[in-house]
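Q: Could we go through this structure together, step by step?
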Amino acid sequence: MNWIIWLIPAFPLIGFLLNALVVRRERAAGILASVMVGLSFAATIAAMVVLEGAPSEAKRLTWTLWEWIRIADFRVAFGLLFDPLTAVMALLITGVGGLIHIYSIGYMHGDVRPVRFFAFMNLFVFAMLMLVMADNLLLLFLGWEGVGLCSFLLIGHYFDRRSVPPGINPSEAAVKAFVVNRVGDVAMLAALFAIFTNFGTLSFYDNPQLGISGYLDQAIVVAGEMVDLGAFGQLPLITGITLLMLVAVTGKSAQFPLYTWLPDAMAGPTPVSALIHAATMVTSGVYLIVRNHTLFDQPASAAPWVLVIGVMTAFIGATAAVAQLDIKRVLAYSTVSQLGYMVAAVGMGAYVAGMYHLLTHGLFKALLFLAAGSVIHGIGNYQDMRRMGGLRNALPTTFRLYVIGALALSGIFPFAGFWSKDEIIAHAWFDARSPLAAIMLILTSAVTAFYMGRQIGMVFFGRPRDQAIHGHESGVAMRWTMVTLAVGAVIGGLINLPGLHWLNSYLRPVLQEPEVIYTVGMGILATITTLLSAGAGYLGWKTYACDLEPRIRVGKEDPLFRYLGDLWRGMEIGWGLDWLYQRVFVRPYRAASVFLSDVVDREAIDQVLVDGTARGLVRLAHGLRALQNGYIRTYALMFLFGVILVVAFFALRG
Amino acid sequence: MVPTSYYILLSALLFTLGVAGVLIRRNALVLFMSVELMLNSANLALVTFAMARQDIAGQMVVFFVIVVAAAEVAVGLALLVAIFRTKQTTDVDEIHSLKG
Amino acid sequence: MNVAPLLSFMIWLPALGALVVLALPRERVAAQRIVSMSAALLALAAALGVVFFFDPARAGFQLVESIAWIPSWGISYTVSVDGISLWLVVLTAFLTPVALAASWGTVERQERTFHALVLLLASGLFGVFTAQDMLLFYVFFEFTLVPTALLIGIWGGAERRYAAIKFFAYTFTGSVFLLLGIIGLYLLHGQATGVYTFDIATILASLQLGTLQLDPAAERLMFGLFFIGFAVKTPIWPFHTWMTTAHAAAPSSGAIDIVGLLIKIGAYGLIRYTIQLFPATAAWAAPAISVLAVIGILYAAWIAYQQTDMKRLLAYASVSHLGLIVLGMFALNPQGIAGSVAHMVNSALTTGALFLVVGMLVARRGSRELKSYGGLWKSTPVLGSLTLILVLGSIGLPGLNGFVSEFAVLQGAWRSPGLGWRYALPALLGAVLAAVYLLHMYRMAFLGDAPPELAQAPDVRPRELALLVIMATPVVLFGLYPNLLFGPMQQSATQIAGGTLQYLASR
């Protein structure tokens, strides 16, 4: 029955091919795409049932399609793997993905190129499934770059527009996303090479069908190996490999310092932001680390760095979200921040907690994005929050759903985010013994609640600031998908409740992580965090819905700018990282490109050396021409010289 | 007995005069005469050695040289006449249309 | 096992076709096209026959056909294939009909001569890849110069005369060193074994058996002579400027031949001669040569970014790919060498197809400047999608052909006893730079909004669609099933790599 697992990615692939080559009408495209993802979801459930039948020491289903590459001893299979970790990810991808597809049927109605949209959405689901279902790192990398490609295609969906709100050029944003991702991908490739060179295989686990062994169980073998960095000393091999993976994760999961592509990715349609840039693609980095946990568990691994990056990103992302004026950009930075939580969790070795938050975040962030899309769609495609206000009357359902999502994100009891976020914070304080990390994460949680409160206050409360805008509630498809996600956001905590530990047990065969024992200390910490967040949230709401509300005007600065000045400006531009990259990388690169082309290549090499040689030869020829002046007497003189030379030669030799 | 070296010296002198004539004089007829002079100096050298070594082969070669010289003069003067018809001059410096 | 002299058929049929085409009257365009295409397709059939009879389990030269030419000097007409040359032969056979088909309707004048030259070039290329006798190899090697120079010089763009002369003079000068090397090797072999021959298989056997021992100085001299000749032809940085000029000036349909294959005869020569015959020196020189290769990768990719002329951009893309190819072969292990040959095939396909696309764009807009384009994905969606597949293949997206060969090369370099991660890591940066310049080109041409002249541009016509699909199919196919490429190469690559490993082990 193992073959059933390849049905899971096959359905979206078929959907993509049909939509790309055959389908012409919008309605058919949308329904086909959604049905395919739905079928994929069903296949996932079926595969999970089959998985239950596998023995718990090797709880996985594998199916090798063919041998992908074989050169001498380098062998890689094109094969799929389905184990509990995969199952959890696949459920998220197909479940949330399917709901978003259905939502898109309503949202993308009347769009300029809907068929292409649905084709690429299906392609994305396929690529993401390949990523989580690959049985070796190279195939994972195929999915990894595949989702990057789909991100490029979907961000650039409106490629013919010069600018979309809040002033981003979609084509530029798409290329930027691809290139920044590629920097991470290069690190990933380097990690792949290093792994193959030292382990002799890229397969995760043993593949008896092709006779390839797996490397994850061999992690301990290379424990002592060092890499010679010449003048920089020696580096443990494991540190090198995990560091390279960390760079890859930084790119794909938008961590500091490679997160600049994610806010600009909001140029894509909102369902794209929900699916790709909230629930799935950006979480691939977390998956990568969890899958490779045996490497990261090694004492010499780069796990501490992972923690540092995660915590930094969480805080930076949250502070940037506070000052955003575009409804989607707030959520974009929020995603950056929440990904930081997940990355911090896996950096501490709390893989289950990281996956827990990945799942709950997938639910409530998708909900938030879809609800934001509902708002945008409902008011006529405006995204600037300064234009909104008082929308809770015009869009009541959206309003309620948005609040649910915001509460979940802020980590308020008993919504989903509370459980997963606090588990990470508890882990930081008690198990990892990094009080600094825990405090930063708690502060971040407070800031998170603040900006969500701010957003709700600005959008749904106060008076309508732009008289031209009249909101109307969304259609059936959009509403019911949001409701489904909202249910998930409310009861999502059940996935891994303290005491029940369903997720932990389910993932036990893969991660072997001990269950968390809940102490009173944890309870107190959680209560403190929640109270802080609730307070911050209330503060944010009150400031923007009541106190400073009269000062919010269309086109004017945010009211808090007056009090925080440059600090606010810094937060608004994402702490200037983008600006820095422009100055340090983009412009010099361009200038150097022109320099190399004109000065070095054209002049130095081509003109001086190549043409110079040619000109030199021509000049030599000209010089020699002078000897042929046509005068007989000169020739006679030449004869004489020649004769003298020859005679002298023979005379002196003899 | 006149020493052989005197003859050879005379031959060398005549040869040098011939070369000088070829290099310096511009009149084509004088050029030919200088070439004749060079050839005759070679003849003198040959006969001298034939006599010194009592080998008749040297004198045989002289005949060859005389024949070659005659042929060369014939052809050369014919060319000169042809060129004179077009160029109206016997100055060799005027003939440089084969310039490279 | 030889059923028929397939290789000779393959080599001489296009030349014969060229003669027939030249004999046809100038106005009978249809007849010319039929004759030339038939010759090319028959050669393709012969090539496929060669593949059929080729035994991938054996290393060494197969399907040998030999006739004594000048026996007193040891020169014979000997042709054969091995794992390295097999795919290059098929590539030539595949691209020649495509080049001919691409020229229908795009060549403005003297179409008859154009076809004849393309066919002659094909003959020359077949000869280069299959020649087993060194002098025969040299003859074919130089023979390819003539049709190429004429193709560039007569039908090329603005700077065609300069480009043609530069190309001819530059590569010819390099080849003089090659000739010296060939003659030198002939003499050395003759002096040592008493057998004066130009046959590679014999010389190789003598080297492996030890009957011909070259002392390090002699071997390095020989290596150097061969290397200079091929380095100019490949080209390796900094000898690349003839290529960028030539490509920028070449016609679109002839370019595909030039791009795809001519530049591969240099790389092929590097493997066949410098590495196979002189493994010790190859291992000694590998680090230095790899530095040049890596510089080539990065330098060309960097320059390509700001090019506004699309053809020059693709020319630099080719130089960058070639850097990767050279890096792979001097990794001196099976992955590197196999990856290198595979990348020759793959980059010929992607870059050649992109040249075709440029030709199609020029046909619509009349300009090679990127600035005059935009928004074409909207007005010509099919062209846009197919071009995107090709662009992604060139960038090296997994699932497409460029990735597998690039990966094999870099993995080979990383694992190589002579090179290692210090060389592979900078080369890996090239992957980012490739994305930068190729996506930049794609964005300028296909994204954004369209200038008014292009808003109504027609989408792909049937001939264009057929050409692009034919080129794009192997791009996808080799990406998913690359063992098609790697399979025949295994034995030969392992054998060649084995020679160098022996030397490195004994050091």
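**A threonine in chain A and its surroundings**

A: This is a predicted model. Apart from its neighbours within four places in sequence, A:Thr260 is in contact with A:Lys176, A:Val180, A:Leu577, A:Asp578 and A:Tyr581.

Q: Where is A:Thr260 found in chain A?
A: A:Thr260 lies in the loop between helix H7 (237-252) and helix H8 (261-264) of chain A.

Q: And does A:Thr260 count as buried or exposed, and why?
A: A:Thr260 counts as buried, because its relative accessibility is 6%, and buried means under 20%.

Q: What about chain A as a whole: how many helices and strands are there?
A: Chain A has 24 helices and four strands. Its C-alpha trace spans about 115 × 65 × 55 Å along the principal axes. Of the 654 residues in chain A, 61% are buried.

Q: Which share of the contacts in chain A with a separation of 6 or more comes from residues 24 or more positions apart?
A: Such residues account for 76% of those contacts.

Q: On to chain B: how do helix H24 of chain A and helix H1 of chain B pack, at what angle?
A: Helix H24 (residues 632-653) of chain A and helix H1 (residues 4-24) of chain B pack at about 145°, and their axes are 8 Å apart.

Q: Which residues make the contact?
A: H24(A) contributes A:Arg633, A:Ala636, A:Leu637 and A:Leu640, while H1(B) contributes B:Val19, B:Val22, B:Leu23 and B:Ile24. Seven of the residues in this contact are nonpolar, none is polar and one is charged.

Q: Last topic: what should helix H19 of chain C span, and why?
A: Helix H19 (residues 462-480) of chain C has 19 residues, so at 1.5 Å a residue it should span 27 Å. Its end C-alpha atoms are 27 Å apart, which agrees.

Q: Which residues of H19(C) are buried?
A: They are C:Glu464, C:Leu467, C:Leu468, C:Met471, C:Ala472, C:Pro474, C:Val475, C:Phe478 and C:Gly479.

Conventions: Residues are numbered from 1 along each chain as its sequence is written. Chains are lettered from A and ligands numbered from 1 in the order in which they are written. This is a predicted model: local features need pLDDT of at least 70, side-chain atom pairs count only at pLDDT 80 or more; totals for chains, interfaces and linings use all residues. Side-chain values use heavy atoms; hydrogens and water are left out. Helices (H or I, at least four residues) and strands (E, at least two) are DSSP runs, numbered from the N terminus. The expected span of a helix is 1.5 Å times one less than its number of residues. Buried means under 20% relative accessible area, exposed over 50%, partly exposed in between (1.4 Å probe, protein chains only). Axes are lines fitted to C-alpha atoms, for helices over the stretch in contact, and angles run from 0 to 180 degrees between N-to-C directions. Contact means heavy atoms within 4.5 Å. Ala, Val, Leu, Ile, Met, Phe, Trp, Tyr, Cys and Pro count as nonpolar, Asp, Glu, Lys and Arg as charged, and the others, Gly among them, as polar.
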